[in-house]
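Colleague: Could you walk me through this model? I would like to start with the overall fold and then look at some individual residues.

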Amino acid sequence: ELNNLSADESSEHSLTASGGMLCSTIRQDIALSAEFEALLEQAAQRQQVVEKQSANIFLTGATGFLGARLLHELLQNTSAHIYCLVRADSEESGLERIGKALAKHGLIIDEPSRIRVVCGAIEALQFGLPEPIWLELAEQVDTVYHCAAQVNNLASYDDLRQANVVGTQEIVRLLCHGQSKCLHYISTLSVFVATDRNHGVLLESDHLDDTAIVYGGYAQTKWAAEVFLRTLAGKAGPITYHRLGLITGDSVTGKCADHDFLDLFVNGLASLGCAPEVGDEISVDITPVDYAADAVIKLSLAAMASGRFDTYHIANS
């Protein structure tokens, strides 16, 4: 069959077979629509106020392994009220889900009165919220932490697009409405590692514009979401980008996520009763979840205090 394909078609077929996707194709998918152009122009007219200390924070992903730890750090390091977007039928069941997520870290909700559960879905228009609640978020929230993402190493771009790309676009919709806000975005080192640029040293100052191909649905959607945020040119508010590596269990307790990749890998080796030969060319960046969450919160709070918003690689040497 390949013999009957043109050179371009054969190349594209080969790329698809390898799990690759052209960045030019991704950029077409995330091109700013007329609606977002108008939203951004309107948002750019606002007085941009960056609170040095947040009063009301909006957090996505609080029921995830990293997100729950971020919530704990926010409760410990700020005095803010925290709105948590949770898939739940009621605030009570949402708070229960958050409690279970914290329990996996051996933690409890210290100050439940500071948490406000917002029942919604990240990928739905305005998170699927009733208008009054959406307007309350738009007017009250001054800081957003966007941690929610669907993580799956086997799913395609199309499978993950709603949660990871559209979900980020809905975050931007929130940034553009009501008072001005800043965003702390949880990205991934996969925007480099899972691309044709996976060689040499990659710095925070390196641009994603130099990437031509991204491999795997998760990395593709995270690359798309980060590039989309960078095309906003600050009109929706200042943004910090926290690119994380492989998040593993707590450095002190060892408690890890249910489907921790490193845990599965080590158990797989134990089941096989053998291990691959390891040379200097094989290395894995593992970042304990407590270190990652602590770094994200310290860096984000420092950014607001100084007014300098930047990109950070949170990785193990």
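Modeller: Happy to. This is a predicted model, and the secondary structure of its protein chain comes to 11 helices and 11 strands.

Colleague: How compact is the protein chain for its 317 residues?

Modeller: The globule rule gives 20 Å for 317 residues, and the radius of gyration of the chain is close to that, so the chain is as compact as a globular protein of that length. Along its principal axes, the C-alpha trace spans about 60 × 50 × 40 Å. The radius of gyration itself is 20 Å.

Colleague: What share of the residues in the protein chain is buried?

Modeller: Buried here means under 20% relative accessible area. Of the 317 residues in the chain, the buried ones make up 45%.

Colleague: And among contacts between residues at least 6 apart in sequence, what percentage join residues at least 24 apart?

Modeller: A contact means heavy atoms within 4.5 Å. Among the contacts between residues at least 6 apart in sequence, the share that joins residues at least 24 apart is 78%.

Colleague: Let's turn to helix packing. Are α6 and α7 roughly parallel or roughly perpendicular to each other?

Modeller: Helix α6 covers residues 131-140 and helix α7 covers residues 157-176, and their axes are 8 Å apart. The two helices pack at an angle of about 65°. Angles of 65 to 115 degrees count as roughly perpendicular. α6 and α7 are therefore roughly perpendicular.

Colleague: In helix α3, where do the buried residues sit around the axis?

Modeller: Helix α3 spans residues 34-44, and its residues F36, L39, L40 and A43 are buried. They cover an arc of only 95° around the axis, which puts them on the same side of α3. An α-helix has 3.6 residues a turn, so residues three or four places apart point the same way.

Colleague: Which residues are exposed on the other side of α3, and what covers the buried ones?

Modeller: The exposed residues on the other side are A34 and Q42. As for the buried residues of α3, what covers them includes α7 and α9.

Colleague: Speaking of α9, is T221 buried or exposed?

Modeller: T221 has its place in helix α9. Leaving aside neighbours within four places in sequence, T221 is in contact with Y157, L160, R161, N164 and V165. With a relative accessibility of 0%, T221 counts as buried.

Colleague: F127 has a positive phi although it is not a glycine; is F127 buried or exposed?

Modeller: F127 lies in the loop between β4 and α6, and its phi is about 60°. Since its relative accessibility is 1%, F127 counts as buried.

Colleague: A233 also has a positive phi. Is A233 buried or exposed?

Modeller: A233 lies in the loop between α9 and β8, with a phi near 55°. Its relative accessible area is 62%, and the cut-off for exposed is over 50%. A233 is therefore exposed.

Colleague: Last one: which residues does N316 touch, not counting those up to four places away in sequence?

Modeller: N316 is in the segment after β11, and at 42% relative accessibility it counts as partly exposed. The C-alpha atoms of N316 and L246, 70 residues apart along the chain, are separated by 9.2 Å. The residues that N316 touches are D285, I286 and T287.

How values were computed. Residues are numbered from 1 along each chain as its sequence is written. This is a predicted model: local features need pLDDT of at least 70, side-chain atom pairs count only at pLDDT 80 or more; totals for chains, interfaces and linings use all residues. Side-chain values use heavy atoms; hydrogens and water are left out. Axes are lines fitted to C-alpha atoms, for helices over the stretch in contact, and angles run from 0 to 180 degrees between N-to-C directions. Helices (H or I, at least four residues) and strands (E, at least two) are DSSP runs, numbered from the N terminus. Angles under 35 degrees count as roughly parallel, over 145 as roughly antiparallel, 65 to 115 as roughly perpendicular and the rest as oblique. Buried means under 20% relative accessible area, exposed over 50%, partly exposed in between (1.4 Å probe, protein chains only). The arc is that of the directions from the helix axis to the C-beta atoms. The radius of gyration is taken over C-alpha atoms; the globule rule is 2.2 Å times the number of residues to the power 0.38.
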